[in-house]
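I opened this entry to keep track of what I looked up, in the order in which I looked.

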Amino acid sequence: MSKKLFVSAMLTLALTACGTTQETPGDSETINKALSAANLVEVSGENLSDYWQPKSTKPVMLKSRPSWFPKGAGKFSYFVIIDSQGNEVSKTLVGSMPEGWMTQAMLNKMPKVSYLASANNPEHITVKALLTSEVMPRHLIKSNLH
């Protein structure tokens, strides 16, 4: 595996996953139904910080690429539901480029992120946000930042 691609993948992981709680199979459907009945606000990824912010933004350095993470470069979008306690309740894959690069099974294995309510969200409103992550070679990341 290319060192640049590996570093890019780790950067993406650090930005999208800081927790380690795993989802209990079978529970997510019940939880999703309960949250749908509750006051659930749908927001874009750009507006998520108006409601919730990750507890930790410190990058996590991994010794190797996780086995659940897809190989090569790609991009994927998914819905995440964050409950009133700041816990990720579920992730649902919307799509990936190239097609099939990320799967729901892989997404389910991603570590969960814990969130803190923003100052604009004193009521701790439950949200459903559309998030997008991209993995690319390091040289492309640097050129996109300048």
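**Entry 1: the sheet**

I began with Ser44, which stands opposite Leu130 in S6. I noted that this is a predicted model, in which local features need pLDDT of at least 70 and side-chain atom pairs count only at pLDDT 80 or more, while totals for chains, interfaces and linings use all residues. Residues are numbered from 1 along each chain as its sequence is written, and side-chain values use heavy atoms, with hydrogens and water left out.

I then looked up the terms. Helices (H or I, at least four residues) and strands (E, at least two) are DSSP runs, numbered from the N terminus. Two strands pair if DSSP finds at least two bridges between them.

S1 and S6 pair in the parallel sense, over 5 bridges.

**Entry 2: strand S3 and its partners**

I took S3 (residues 74-82) next and checked it against S6 (residues 126-135): the two pair in the antiparallel sense over 9 bridges. Gly74 stands opposite Val135, Phe76 has Ser133 as its bridge partner, and Ser77 stands opposite Thr132.

On the S4 side, 8 bridges join S3 to S4, and these strands also run antiparallel. Here Ile82 stands opposite Glu88. The hairpin of S3 and S4 has 5 residues between the strands, and in this hairpin Gly86 takes a positive phi near 85°.

I asked how many of the 9 residues of S3 are buried. The count is 7, and S3 is mostly covered. Buried means under 20% relative accessible area, exposed over 50%, and partly exposed in between (1.4 Å probe, protein chains only).

**Entry 3: aromatic rings**

I searched the whole structure for aromatic pairs and got 3. The rings of Phe69 and Trp101 have centres 6.1 Å apart and planes at 85°, so this pair is edge-to-face. It links distant parts of the chain, 32 residues apart: Phe69 is in the loop between S2 (52-54) and S3, and Trp101 is in the loop between S4 and H3. Phe69 is buried at 2% relative accessibility, and Trp101 is buried at 8%.

Phe76 and Tyr78 form a stacked pair, 5.6 Å centre to centre with 20° between the planes. Both Phe76 and Tyr78 are buried. I also noted that Phe69, Phe76, Tyr78 and Trp101 form one aromatic cluster. The cut-offs are these: rings of Phe, Tyr and Trp (its six-membered ring) pair if their centres lie within 6.5 Å, and planes under 30 degrees apart count as stacked, over 60 as edge-to-face and the rest as tilted.

Apart from ring pairs, I found the charged end of Lys128 over the ring of Phe79, 4.6 Å from its centre. A charge sits over a ring if NZ of Lys or CZ of Arg is within 6 Å of the ring centre and within 35 degrees of the ring normal.

Where is Gln104 placed? I found Gln104 in helix H3 (residues 104-109), partly exposed with a relative accessible area of 28%. Leaving out residues up to four places away in sequence, Gln104 touches Lys91, Thr92 and Leu93, where contact means heavy atoms within 4.5 Å. A polar atom of the Gln104 side chain lies 2.9 Å from the backbone oxygen of Lys91. The C-alpha atoms of Gln104 and Tyr78, 26 residues apart along the chain, are separated by 9.3 Å.

The side chain of Thr126 reaches the backbone nitrogen of Ser84 at 3.4 Å.

Key
Polar contact = N/O pair within 3.5 Å; in protein donor to acceptor, adjacent residues only side chain to side chain.
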